[in-house]
Amino acid sequence: MNFLFCSVGRRGELIKNFKNSLDENAKIIATDYSNTAPALYFADRQYTVPKVTDPDYISVILDICVKENVRAVTTFIDPEIEVLAKNRGLFEELGIEVLAPYTETAELCFDKFKMYEFLVQNNIPTVPTYDNFNSFLKEYEKGNLTLPVFVKPRSGSGSIGARKITSLQELKLACQNDPSLIVQQFMVGDDLDADVYIDTISNLAVSAFTKRKLETKIGGANKTISFKDERLFKLIQDIANKFKFNGPIDMDFFYQDGVYYLSEINPRFGGAYLHAYGCGVDFIKLIINNLRGVTNEPDFGNYEDDVLMMMYDSVVIRSKEELA
């Protein structure tokens, strides 16, 4: 029951959690293109590999899977999700479960404006979004929108380039300088996050951990507090049924004027999944059940309200000779 985590970067705590939930004979294999990615050194085996964009990337990953008898593979970064999804068949030929969405869903999640259009078509409450300055301006001049707004790259990740803009002139300049920006209504309600597990056999959402973001830095929330709401659990299940996910996903919501608005979906382990695990919501056990052919039964809200997570920095110390 060996697992391969790709592009592990700084996610050392997540790998430590995985190891705590695995049998003693199971191994964690980690890869990254940099041999100074600290999370590599929490795994049982480490490999440095080409960048995700390299033509040989998938063949290198497949070779590692065969060598290390890997049963499941996933990634910790957004740009790799679609790569794994498109090559799912190559992994399945080797009996390896790809914990990533199917291709069409992966493409939707990585293109935030296409995702917005899909959500509107499926009557899922979401944040009003415009793919360029002119389309926003039309609604603004009609009086349907006000400033400030929020902009972010259409296919960005890790909150890079995402920011609040307070004036029309500033917005126009930002969109001219970066045509990839989309423009969203600025939400003033609660900023929420949900870790969700999609069973790989039933394809249903079977577990969710919801939390309010208390503090957010580049890359995600670093202080959160747990809460439960049956309405949100039901919405999460309804949303998941519209897509073809496979394994862990991370959903971002806003709660404003009594409505939950879906902001975006990252179809991988979220950076703040550590909070869910610390409260006993163990997706690793759910993955293992699926790999053994066991369908997980839905189990929502099996954790305590008002439990806080507070992230802090730590370090890895290795000699140069010990690097992967």
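This is a predicted model: local features need pLDDT of at least 70, side-chain atom pairs count only at pLDDT 80 or more; totals for chains, interfaces and linings use all residues.
Good morning. Residues are numbered from 1 along each chain as its sequence is written, and side-chain values use heavy atoms, with hydrogens and water left out. Helices (H or I, at least four residues) and strands (E, at least two) are DSSP runs, numbered from the N terminus.

Is Thr75 buried or exposed? Thr75 is buried, with a relative accessible area of 1%; buried means under 20% relative accessible area, exposed over 50%, and partly exposed in between, with a 1.4 Å probe and protein chains only. Leaving aside residues up to four places away in sequence, Thr75 touches Cys6, Ser7, Glu80, Ile81, Leu84 and Arg268, where contact means heavy atoms within 4.5 Å. With the side chain of Glu80, the side chain of Thr75 makes a polar contact at 2.7 Å. A polar contact is a pair of N or O atoms within 3.5 Å; within protein, one must be able to donate a hydrogen and the other to accept it, and residues adjacent in sequence count only if both atoms are side-chain atoms. A polar atom of the Thr75 side chain also lies 3.2 Å from the backbone nitrogen of Ile77.

I turn to the sheet that contains S4. This open sheet has 5 strands in the order S3-S2-S1-S4-S5, with parallel pairing; two strands pair if DSSP finds at least two bridges between them. Strand S3 (45-48) and strand S5 (97-98) stand at the edges with a single partner strand each, so one side of each has no neighbour in the sheet. S2 and S3 run parallel and are joined by 4 bridges, and Asp32 stands opposite Thr48 in S3. Helix H2 (residues 57-67) packs on this sheet, touching S1, S2, S3 and S4, and its direction makes about 155° with that of S1. Helix H11 packs on the sheet as well, touching S1, S4 and S5, at about 125° to the direction of S1. Axes are lines fitted to C-alpha atoms, for helices over the stretch in contact, and angles run from 0 to 180 degrees between N-to-C directions.

Helix H1 (residues 12-21) has the buried residues Gly12, Leu14, Ile15, Asn17, Phe18 and Ser21. Their cover includes strand S1 (2-6), strand S2 (28-32), helix H10 (273-278) and helix H11 (283-291).

Next comes an open sheet of 4 strands, in the order S6-S9-S7-S8, with antiparallel pairing. Its edge strands are strand S6 (129-130) and strand S8 (163-165), each pairing on one side only. Helix H8 (residues 168-177) packs on this sheet, touching S7, S8 and strand S9 (181-185), and makes about 135° with the direction of S8. S7 and S9 pair over 5 bridges in the antiparallel sense; Phe150 has Gln184 as its bridge partner in S9. How many residues of S9 are buried? The count is 4 of its 5 residues.

Finally, helix H5 (residues 103-110) and helix H6 (residues 112-121) pack at about 110°, with their axes 5 Å apart. Leu108, Cys109 and Phe110 of H5 meet Lys112, Lys114, Met115 and Phe118 of H6. Thank you.
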